[in-house]
Amino acid sequence: MSSNRWRALVVSFLIVATVSAAGAKEVVVRLPPESLANWYKPQNERQVWLHTMFGLREAMQAVEYYTDTGNRDRAIHWSERLHDLYTEIPRMVPEWQIEVEPETMERLVTAVRSADKTETEAALRRLDTTCDGCHSDFQATAAALYRSPDYGNVSVADGHGGETTYPEAMRQISRSLNDVKIALKDGFPRRAQAAVATLRSELDRLSGSCASCHRDSAPRERIFAHTPDLLDNLHTVLEGTDRSAQGRLLGELGVTVCARCHSVHRTLGDLRDEIER
């Protein structure tokens, strides 16, 4: 990927119109400098950039509050904290040297020390504008690149003593779920039950991969806690002829397991893959 200061990625989105044929729209997306990655995991042990941004927002709010309430000492303290954090930006990402306005920051600190409320508020507004400008260009793509899941390093047990890639594991799960639906629609309940057994094993192995990213079991339990009961019920109703109950359980499985996980992980994960191509 190019390391030019202003990099652009042309991403094609499919726009579905209600009265005309689908067409492609080209959207230019500005990508942050590659040096920004040094301040996010896994390149860094901590999400340094993220916490720097949190600190800037906190300090700006504190300066505004203490200026409004007339607490000059606290306002000075927080303006100095804001100054220190702000000067970290070009050090951390040299490509953004021209994006910061050190003269505005010095103007703010001077105004706070002299208890000039009008000038302090004007400087804060200017800093807020520069922050918003950068965020509008880079916040979404930075989140997609550095705060979304990267499945490239995640593997899933394949059921034969080995491992498979995450995309391949998902493809197999999709095929097994379709095997259930096809057998059911064609009137082969035993084949559908066999596909359910395969699907159960695949989902169980998939749930084991959650620990690659999540340190506790809560995220896994939210997605998979009721999966065994759902599969048990589905296996049972497949023995009968209640198509309504069969369809309802298949839909519930798709929503509570597949869609729930995809809504959290897949959208950003797919966007990240598209950007990194």
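The model is predicted, so local features need pLDDT of at least 70 and side-chain atom pairs count only at pLDDT 80 or more, whereas totals for chains, interfaces and linings use all residues. Residues are numbered from 1 along each chain as its sequence is written, and side-chain values use heavy atoms, with hydrogens and water left out.

- Among the buried residues of helix 2 are Trp 78, Leu 82, Leu 85 and Ile 89; buried means under 20% relative accessible area, exposed over 50% and partly exposed in between, with a 1.4 Å probe and protein chains only.
- Helix 2 has 21 residues and spans 30 Å from first to last C-alpha, close to the 30 Å expected at 1.5 Å a residue; the expected span is 1.5 Å times one less than the number of residues.
- Helices (H or I, at least four residues) and strands (E, at least two) are DSSP runs, numbered from the N terminus.

**Nonpolar cores**

- The largest nonpolar core has 40 residues, of which Leu 36, Trp 49, Leu 82 and Leu 108 touch the most other members; such a core is a set of buried Ala, Val, Leu, Ile, Met, Phe, Trp, Tyr and Cys residues joined through side-chain atoms within 4.5 Å.
- Two or more residues of this core come from each of strand 2 (23-31), helix 1 (48-69), helix 2 (72-92), helix 3 (102-113) and helix 4 (117-146).
- A second, separate core of 28 residues includes Val 196, Leu 231, Leu 249 and Val 257.
- Beyond its neighbours within four places in sequence, Trp 49 is in contact with residues including Leu 36, Trp 39, Ile 89 and Trp 96, where contact means heavy atoms within 4.5 Å.

**Cavity**

- The structure holds one cavity of 30 Å³ or more. On a 1 Å grid over the protein atoms alone, a cavity is a set of points where a 1.4 Å probe fits but cannot get out, and a pocket is an open set with protein on both sides within 12 Å along at least five of seven lines; lining residues have an atom within 4 Å of a point.
- Ile 173, Leu 177, Leu 199, Leu 203, Leu 253, Val 257 and Cys 258 line the largest cavity, and helix 9 supplies the largest share, three residues.
- By class, this lining has seven nonpolar, no polar and no charged residues; Ala, Val, Leu, Ile, Met, Phe, Trp, Tyr, Cys and Pro count as nonpolar, Asp, Glu, Lys and Arg as charged, and the others, Gly among them, as polar.

**Second largest pocket**

- The second largest pocket contains about 800 Å³ of space; grid points are joined across faces, edges and corners, and a volume is the space filled by probe spheres set on the points.
- Of its 33 lining residues, Met 53, Leu 56, Cys 131, His 135 and Gln 139 are the closest to the centre.
- Helix 4 gives the most to the lining of this pocket, with 14 residues.
- The lining divides into 18 nonpolar, six polar and nine charged residues.

**Backbone geometry**

- Most residues other than glycine have a negative phi, and most peptide bonds are trans.
- The peptide bond from Lys 41 to Pro 42 is cis, with omega near 5°, and Pro 42 lies in the loop between strand 2 and helix 1.
- Ala 115 has a positive phi of about 60° although it is not a glycine; Ala 115 is placed in the loop between helix 3 and helix 4 and counts as exposed because its relative accessibility is 54%.
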